[in-house]
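Colleague: Could you take me through this structure, beginning with the strands and then turning to the helices?

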Amino acid sequence: MIGKLKGTVDTIAEDHIILDVHGVGYLVQCPASTMAKLSVGEAAALLIEMKVSEDAIRLYGFASSEEREWFRLLQTVQSVGARVALNILSALNPRAIGKAIALADKAMIGQAQGVGPKLATRIITELKDKAPNVILRQDPGEVLAIPANRGPEADAVLALTKLGYSQSVAAESVAKAAGGLGEGAALDTLIREALRAMGR
């Protein structure tokens, strides 16, 4: 299995690139967000998801582990294949996908080509419990002081900071959400209510 490729960008097409790795050209399909960071003739390193079928071996490339993780997770939803997952990642960045699922924002998910209202609803329904765990694994590029005895509230604060909110705003919103929901609120519920509160 191929997990990463590093080489020189030989060609950029509408939905794929050819990456020259020591004289071998690999055709790699990428979301628009990844392709926007590439230039012909320049070095590139892509995280690869490889799919083998009876008639083909396809490579999908991503600039970040977050994109690749969402690509994998989206395909666990019925009727979402590699093409639709790429379209979603082309329309929304990982943070936006996490926020859309947490807020059950069908319109935002529906921005992606090939995603109608029914499929957007299915994506949100099937991923609403899994999305917080993916968000928590995303690297915000900074070290956050999170208590060792983390509970749902601390995890919700961490998830919101990884969606781009400051730690102080996230903590305040989660505290308000927890106060309204009472003890024992689930992580996905805390995140959703905190996001709604910030959107008011």
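Colleague: Which residue in E4 is the bridge partner of Gly7?

Modeller: This is a predicted model, in which local features need pLDDT of at least 70 and side-chain atom pairs count only at pLDDT 80 or more, while totals for chains, interfaces and linings use all residues. Residues are numbered from 1 along each chain as its sequence is written, and side-chain values use heavy atoms, with hydrogens and water left out. Strand E1 (residues 4-12) and strand E4 (residues 43-52) run antiparallel and are joined by 5 bridges, where strands are DSSP runs (E, at least two residues) and helices likewise (H or I, at least four), numbered from the N terminus, and two strands pair if DSSP finds at least two bridges between them. The partner of Gly7 in E4 is Ala44.

Colleague: Which residue in E2 does Thr11 stand opposite?

Modeller: E1 is also joined to strand E2 (residues 16-21) by 4 bridges, the two running antiparallel, and they form a hairpin with 3 residues between them. In E2, the residue opposite Thr11 is Ile18.

Colleague: At what angle do H2 and H3 pack?

Modeller: Helix H2 (residues 65-74) and helix H3 (residues 82-91) have their axes 9 Å apart, the axes being lines fitted to C-alpha atoms over the stretch in contact, with angles running from 0 to 180 degrees between N-to-C directions. The two helices are therefore oblique to each other, since angles under 35 degrees count as roughly parallel, over 145 as roughly antiparallel, 65 to 115 as roughly perpendicular and the rest as oblique. The packing angle of H2 and H3 is about 135°.
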